[in-house]
Amino acid sequence: MGHGGEVLRQVYSLALERQHVVEITVEDPAPGFVKLRDGRVDFRCELLRQLRGVPWDKRRKNGSYGLPDGYGGHDPKRLQTFQSHRDPPPAWAKHCTLDLTATLGAHGLLDCPAGRKEVMHMHGLYSEAQKGDPACGNQNAHFDEDPDEFNAYMARHRPADAPCSVLVALMPDTRLPLRGLDGVWREVLLQPGEILVFQGNVKHYGPGYATDNYRIHAYLYPPDYGPAEPHIHTEDGEDDGP
C-alpha cells in the first residue's frame, strides 16, 4: 500500500503501545485504510486492551512466581495468563483461537498426514520492561517440547506432522532468537499481527525488553500428539544461546 499504508501502520503501532487508546476512527476512509482495518488491526488493538486487564498467573512455585527462566527458577517479570483450555475459556482466548485457526488454515498449516492440527493451550505472555540492559531479562535457551518425546513421535510420522509452537506479535519489534537446524542463531523480528510458527524441537529463548511487551503464544498439535502439560526443556551445558 506504499507510503500511505506505512503511515497507517505506524499510527496503529502507536495505538497498540498506548494503554489509553481503545479505538481509531477515520472519516471517509481511503481504500488502503479499509484494507488495513479489515486485516484485523482493530481486533489486535482490542485484544491488547483485554490482555492488559486479564488476571496473570502469579501462583508461587518453589517460593517464586512467573514463567520458568530456564535456570531452574521463575522470573516475576515474565508472566502468562491462565491457560485457555480451562472450561470455559476466557472470551479473548476463544476469539483469538478461532481467528488464529482460520489464519493458519488459510495458509495450509493445519492439514497434515496425521490429520488436522489444532491450536491448543493458548495464553498471553507479558514481559515487564527491564531496567538497564534488556539482555539481563533473557531466558535460558530451551525447547518447547521434550526432545525425547518429540523425536519418538517424529520417528513414526512425516515431517509435516511435527508439533509446533506459535507466536503472535501484538506490539512493534516483538523478538524471538532461535537456533536454526543449521546450528546458527538468528533473531526473528515481528510486527503487530505477524505470526511465527516453529517446530517444537527448535531451540530458542524469550528475550528481555526495554519496554513492556505483550504477545500471544500457543501450540499447534496434530491429533495424536498431546503431552499432559507443555513446559520448557533445557539441556545443561549445550549451546545456551549466542
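## Surroundings of Thr-81

Apart from residues up to four places away in sequence, Thr-81 touches Leu-51, Val-54, Pro-55, Trp-56, Trp-92, His-123 and Gly-124, a contact being heavy atoms within 4.5 Å. The model is predicted, with local features requiring pLDDT of at least 70 and side-chain atom pairs pLDDT 80 or more, while totals for chains, interfaces and linings use all residues. Residues are numbered from 1 along each chain as its sequence is written, and side-chain values use heavy atoms, with hydrogens and water left out.

Thr-81 belongs to the loop between strand S3 (78–80) and H3; helices (H or I, at least four residues) and strands (E, at least two) are DSSP runs numbered from the N terminus. Its relative accessibility is 2%, so Thr-81 counts as buried (under 20% relative accessible area, with exposed over 50% and partly exposed in between; 1.4 Å probe, protein chains only). A polar atom of the Thr-81 side chain lies 2.8 Å from the backbone nitrogen of Gly-124.

## Nonpolar cores

The largest nonpolar core has 24 residues, of which Trp-92, Met-122 and Ile-216 touch the most other members. Such a core is a set of buried Ala, Val, Leu, Ile, Met, Phe, Trp, Tyr and Cys residues joined through side-chain atoms within 4.5 Å. At least two residues of this core come from each of helix H2 (31–51), helix H3 (91–106), strand S6 (118–127), strand S7 (164–169) and strand S11 (213–221). H3 gives the most, with 5 residues.

Beyond its neighbours within four places in sequence, Trp-92 is in contact with Leu-47, Gln-50, Leu-51, Val-54, Thr-81, Met-122, His-123, Gly-124 and Ile-216. A second, separate core of 8 residues includes Leu-176, Leu-178, Leu-190 and Phe-198.

## Aromatic rings

The whole structure holds 5 aromatic pairs, counted for rings of Phe, Tyr and Trp (its six-membered ring) with centres within 6.5 Å; planes under 30 degrees apart are stacked, over 60 edge-to-face and the rest tilted. The ring centres of Tyr-219 and Tyr-221 are 5.6 Å apart and the planes stand at 35°, so this pair is tilted.

## The chain as a whole

The chain comprises 4 helices and 11 strands. Of its 242 residues, 44% count as buried. Among contacts in the chain with a separation of 6 or more, 76% are between residues 24 or more positions apart.

Definitions and conventions:
A polar contact is a pair of N or O atoms within 3.5 Å; within protein, one must be able to donate a hydrogen and the other to accept it, and residues adjacent in sequence count only if both atoms are side-chain atoms.
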